[in-house]
Structure formats: structure tokens, C-alpha cells
Amino acid sequence: MKKYFSILFFSTLLLSCKNTTNEKPDEKDEEMTLEELAKRHVESDLKIPSSEKYSMRIYKEHLNSDDFEDAIITVNRLDFAYSELENKKKTAKASEIGFAGNYNYLFYYDGEFKKITPNIVVMSSALSELKINFINLSSNAYKDIVMDFRLLNASFRDYITITNHNPKTVFEWNEYDKLGTKNVTANYFDIVESQPGMPKYINIYEGKLLNNTSELNRMEKFEPIIKKTSKLTSSWFFVPAQAKYCTVKK
């Protein structure tokens with residue numbers, strides 16, 4: 001049977017931006033802590049007024065092959081979402097769709113150059129902050145980023161690598177979908193060793209949701225417990241020429 005490569009396209013966000021981190025830091029930046037630098041950069045980049053309450057979290061990790069600690073910075077602007085939608089008289093309608101919009105942001109801090117990228121907007125629910133974890137995916141020498149975000153009654157997972165000092169999504173899939181209905185589905189992500197020196201495979205198994213969702217009343221706070229089943233639904237491998245994960249259609 002003839003084989004075709006099926007490339008995963010990302011409809012919700014594209015994590016690649018102009019390289020802004022390959023310049024030496026100025027003296028003022030050198031004197032600031034990461035927390036101080038992040039606060040100044042985030043408020044300037046997003047034009048956040050001093051009166052606005054927002055959530056900012058910093059996750060530190062080695063994310064490339066140098067010896068410097070990097071960081072991922074996430075920002076949630078729930079109060080801004082309420083205010084913006086109230087002014088537009090769309091609060092009730094927005095509530096029905098979980099306050100979905102451009103209210104969650106991701107930034108990358110390059111530890112070598114002490115520079116932070118411009119904001120990367122993540123179209124998602126303002127009621128749920130971005131969830132960040134780290135794994136060895138492209139290399140065992142440093143970590144890559146796992147980002148979970150929610151949209152309506154679904155959760156999506158992005159695997160992100162640092163390429164040329166900037167974050168780039170290489171794979172995206174839904175963790176669960178149709179939460180709160182009889183047709184809820186879940187997926188289990190299995191990271192598998194490939195050839196030595198090559199990025200790992202990503203196998204997707206049909207998952208079994210172990211949580212009791214019969215009395216689910218706060219969907220945005222839901223933390224899934226997903227068990228792996230024996231049903232492998234797809235297998236993905238990294239293609240350097242595409243800089244993304246691909247699969248083979250049978």
C-alpha cells in the first residue's frame with residue numbers, strides 16, 4: 001500500500017516568532033532578577049495598566065544545549081477578559097463558551113542572552129491558566145516544553161521545542177474532548193525512545209478517563225486522570241525537513 005505523510009497542522013496557535021534573543025543583554029537587564037525582568041517585559045509587551053490584576057508564572061529549566069538556565073513565562077488575564085467582555089455587553093455569551101479568547105500568553109526567556117521573546121498568544125479559556133511541564137523529547141541533554149490549554153469542553157496538549165532561540169510547536173493533540181457529555185473521549189500520550197540521537201516517537205493511545213464527571217460543575221478546574229488502554233490510534237515521528245511530527249497513513 002502506498003504510504004503518505006500526514007502532517008499535523010496547528011489551528012489554535014503557531015509558536016514561532018522573530019528571533020529577538022540573540023543579542024547581548026544591556027547592563028540594566030543584568031542587574032535585574034528574572035522576576036523583575038519578566039514583570040517589566042510582560043506589562044510593556046501586553047500594555048497592561050498598573051490597575052489590572054493578572055497572573056504571571058515562571059517555570060525554570062534548561063531548554064537548549066547551552067549551560068544557562070532558561071524559563072517559560074505564562075500570563076493569564078482573566079480580569080481583563082471580564083472587563084473587556086462586560087464593556088462589549090458580551091459577558092453572558094462569553095460565559096457559555098468558557099470565556100474563550102486571547103487571554104493566555106506564553107513567553108520564552110533565554111538564559112544565555114537574558115532576553116524574553118514577544119508574547120505568544122494562546123487562544124484558550126481565560127478561566128484556565130496554561131499548564132506547563134517539561135520532558136526530554138528532542139534530546140536527553142535538555143528539556144522540551146509540554147503545554148496544556150483548555151478550550152470549551154476540551155483540553156489540548158502542545159509539545160514545544162526551542163529552535164533558534166524561539167519556541168516552536170512540533171506537535172499538538174487533544175487530551176480529552178466533549179467533557180461533561182456521554183460522548184467524552186480521552187487520549188493517552190506515550191513517549192517512546194527512537195534511534196540514538198533522534199527525537200523520540202509520540203504514540204497516541206485511546207485513553208480511559210477515570211474521573212467521575214457525573215457531577216462536574218467547574219469544568220475549568222478539572223484535572224483529568226487518564227489510563228492507557230491497549231488501543232494504539234496513531235504513531236508520530238519527527239521529520240527534520242518539516243520541523244514537525246508526522247505520521248504515515250496506511
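Is Lys131 buried, exposed or partly exposed? Lys131 is partly exposed, at a relative accessible area of 37%; buried means under 20%, exposed over 50%, and partly exposed in between, with a 1.4 Å probe and protein chains only.

Hello everyone, and a quick word on ground rules. This is a predicted model, where local features need pLDDT of at least 70 and side-chain atom pairs count only at pLDDT 80 or more, while totals for chains, interfaces and linings use all residues. Residues are numbered from 1 along each chain as its sequence is written, and side-chain values use heavy atoms, with hydrogens and water left out.

Back to Lys131, then. Its side chain meets that of Glu223 in a salt bridge, 3.3 Å from N to O; the term means a side-chain nitrogen of Lys or Arg within 4 Å of a carboxyl oxygen of Asp or Glu. Lys131 sits in strand 7 and Glu223 in the loop between strand 12 (201-209) and strand 13 (226-239), so this pair ties together parts 92 residues apart in sequence. Strands here are DSSP runs of E, at least two residues, and helices are runs of H or I, at least four, numbered from the N terminus. Glu223 also counts as partly exposed, at 45% relative accessibility.

Now Arg157, please. Another takes Arg157 to Glu175, at 3.3 Å. Arg157 lies in strand 9 and Glu175 in strand 10 (residues 166-177), so that pair ties together parts 18 residues apart in sequence. Across the whole structure, the search finds eleven salt bridges.

Some of these names come back in the largest pocket, which holds about 450 Å³ of space. A pocket, on a 1 Å grid over the protein atoms alone, is an open set of points where a 1.4 Å probe fits, with protein on both sides within 12 Å along at least five of seven lines; lining residues have an atom within 4 Å of a point. Of the 21 lining residues, the closest to the centre are Lys131, Asp148, Arg150, Glu223 and Pro224. Strand 8 gives the largest share of the lining, four residues.

Last stop, helix 2. Its buried residues are Leu34, Leu37, Ala38 and Val42. Seen down the axis of helix 2, they fall within an arc of 120°, taken from the directions from the axis to the C-beta atoms, so they line one face of the helix. Just after helix 2, Lys47 takes a positive phi of about 55°. Thanks, all!

Conventions:
Grid points are joined across faces, edges and corners, and a volume is the space filled by probe spheres set on the points.
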